[in-house]
Amino acid sequence: VEAVNLIAHGKAPRIPQPEEGATYEGIQKKENAEISWDQPATALHNWIRGHDKVPGAWTTINGQMVTFYGSSLLDASVPAGQELAIKGASRPGLVTKNGLVAFGNDGKMVLVRNLQFEDGRMIPASKYFSADETTALELTEEEKKIAEDIR
C-alpha cells in the first residue's frame, strides 16, 4: 500500500537501470544447447523439451548437426527400428515408425518426433533413412496439357 501511495503522489524513488549488459538477444545460444548424452532419459527429455523451439537441442549424427524437437519419455519395451549412431551416446538410437528412440545412461528411452538438419530441412524423425529419397512427379497427358495451359 505504501508503494502505491508513493507512486500516486509522485514521490516514489526513480532509480535508472544501467545499460551495461542490456540486450534483446536471447540468453540461450545454439552452441550452448548441445545434448550431453551421459545423463538419464528424464534429463535428456527435459533438455530437449527445454530448448524446444529456440534454440533447439542438438547433437552430431554422421558428422552433421541435427536438432531434436518434440521429445517424450517412452515407457515401453524397446521398439523395433533401424540403428542410428549418435555421437557421444552410449548406444545407438533407433529410427522407428514413431520417431527416433534415444537412450539415456540409465537404459530408459526418449522418443524424438522431429529432426532439423543444418540446411534448415525439418523431417519427421521416423523418415530419417528415407529423407534422401526423392520421387519424380509423373503427369498424365491430360495433366501435362493443363500444366502447359497454366504456364
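In this predicted model, Thr96 stands opposite Gly99 in β5. The two strands concerned, β4 and β5 (residues 99-103), pair in the antiparallel sense over three bridges, and they form a hairpin with two residues between them. On its other pairing, β4 is joined to β3 (residues 82-84), again in the antiparallel sense and over three bridges. Within that pairing, Gln82 stands opposite Val95 in β4.

Strand β4 covers residues 93-96; Gly93 and Val95 point one way from the strand, Leu94 and Thr96 point the other way, and all are buried. For Thr96, the relative accessible area is 7%, which is under the 20% limit, so Thr96 counts as buried. Apart from residues up to four places away in sequence, Thr96 touches Pro79, Ala80, Gly81, Val101, Leu111 and Ser126.

Strands β1 (57-61) and β2 (residues 64-74) run antiparallel and are joined by five bridges. Thr60 has Met65 in β2 as its bridge partner. Strand β2 also pairs with β6 in the antiparallel sense, over eight bridges, and there Tyr69 has Asn114 in β6 as its bridge partner. The pairings described so far are collected in the table.

| Strands | Sense | Bridges | Residues facing each other |
|---|---|---|---|
| β1 and β2 | antiparallel | five | Thr60 and Met65 |
| β2 and β6 | antiparallel | eight | Tyr69 and Asn114 |
| β3 and β4 | antiparallel | three | Gln82 and Val95 |
| β4 and β5 | antiparallel | three | Thr96 and Gly99 |

The hairpin of β1 and β2 has two residues between the strands, and Asn62 takes a positive phi there. Its value is near 55°, in a residue other than glycine. Asn62 is placed in the loop between β1 and β2. With a relative accessibility of 63%, Asn62 lies over the 50% limit and therefore counts as exposed.

Another loop residue, Glu118, is found between β6 (109-117) and β7 (122-124). Its relative accessibility is 53%, so Glu118 counts as exposed. Leaving aside neighbours within four places in sequence, Glu118 is in contact with Gln64 and Met65.

Which peptide bonds here are cis? The bond from Asp52 to Lys53 is cis, with omega near -5°, and Lys53 lies in this loop. A cis peptide bond also joins Val54 and Pro55, with omega about 0°; Pro55 is found in the loop as well.

His51 belongs to the loop between α2 (41-50) and β1 (57-61) too. Is His51 buried or exposed? At 4% relative accessibility, His51 counts as buried. Beyond its neighbours within four places in sequence, His51 is in contact with Gln28, Ala33, Gly56 and Ala57.

Turning to the protein as a whole, there are three helices and seven strands. Along the sequence they follow the pattern α-α-β-β-β-β-β-β-β-α. The radius of gyration is 24 Å, well over the 15 Å that the globule rule gives for 151 residues, so the protein is more spread out than a compact globule. The C-alpha trace spans about 80 × 55 × 30 Å along its principal axes.

Buried residues make up 28% of the 151 residues. The accessible surface comes to about 10,800 Å², and 51% of it belongs to carbon and sulfur atoms. Among contacts between residues at least 6 apart in sequence, 50% join residues at least 24 apart. The protein has 16 positive and 21 negative charges, whose mean positions are 5 Å apart.

Technical notes
Residues numbered from 1 in each chain as written. Predicted model: local features only at pLDDT ≥ 70, side-chain atom pairs only at ≥ 80, totals over all residues. Heavy atoms only, no water. Buried < 20%, exposed > 50% of the residue type's maximum accessible area, 1.4 Å probe, protein only. Helix = DSSP H or I, 4+ residues; strand = E, 2+ residues; numbered from the N terminus. Pairing = 2+ DSSP bridges. Rg over C-alpha atoms; globule rule 2.2 N^0.38 Å. Contact = heavy atoms within 4.5 Å. Areas by Shrake-Rupley, 256 points an atom, 1.4 Å probe, with all protein chains shown as cover. Lys, Arg positive; Asp, Glu negative; His and termini not counted. Charge placed at Lys NZ, Arg CZ, Asp CG, Glu CD.
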